[in-house]
Amino acid sequence: MPDSPLSAARPVADLSSALAVLRENGGRVSTSRRALLQVLFDATSPLSVEHLAAQAVPSLDVPSTYRTLERLEEVGLVRHVHLGHGPGLYELTHQTEREYAWCESCGKAASIEPDRLDAARSLIEQSIGYRPRFGHFPLVGLCADCLSAGRHGHHH
Ligand SMILES: [Zn+2]
Ligand SMILES: [Zn+2]
């Protein structure tokens, strides 16, 4: 599967609606799909594949967790974001799109409403002809705390 951040989001309010979306799209409601969706509904921030695999009841192995998340992403229930150097972190899709900023000094991530970035987005597009999006890869820079502390550089 290509890495496709642009598959249409199908945000839902609860587990039974998510299972209905799966069935509409010809997907089986397997134990692993149900278990992962339950963990994602309980989560308050994007989670790693390893974390999701361990939290699922029954617990799942990492390769099958990847495959299940890919399928859930294809039908628009799930999305992922890359914060820092690590692999993608997964969460449910939202009613309103979400973008992220990530501090390369302290590693802090912030969730941002996309309309707060629209003015900067237009300026960048006028200047270089690219319209930036920060939902799949975040805007990377320095947070306010690190700026005021005079920190800079690269977090590892
Ligand atoms: Zn990705
Ligand atoms: Zn910082």
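Predicted model: local features only at pLDDT ≥ 70, side-chain atom pairs only at ≥ 80, totals over all residues.
Residues are numbered from 1 along each chain as its sequence is written, and side-chain values use heavy atoms, with hydrogens and water left out.

Let's begin with the whole chain. The C-alpha trace spans about 50 × 30 × 25 Å along its principal axes. The chain holds six helices and five strands, taken as DSSP runs (H or I, at least four residues, for helices; E, at least two, for strands). Along the sequence their pattern reads α-α-α-α-β-β-β-β-α-β-α. Of the 156 residues, 39% are buried, meaning under 20% relative accessible area with a 1.4 Å probe, protein chains only.

Next come the domains. An automatic or database assignment divides the chain into domain 1 (15–92) and domain 2 (99–148). Their centres, taken over C-alpha atoms, are 26 Å apart. Eight residues from domain 1 and seven residues from domain 2 make the contact, with heavy atoms within 4.5 Å.

What area is buried between domain 1 and domain 2? The value is about 660 Å², with 63% from carbon and sulfur atoms; this is the accessible area (1.4 Å probe) that two parts lose on being put together, summed over both. On the side of domain 1 that touches domain 2, strand E1 (residues 78–81) gives the most, with three residues.

Notes
Chains lettered and ligands numbered in written order. Buried < 20%, exposed > 50% of the residue type's maximum accessible area, 1.4 Å probe, protein only.
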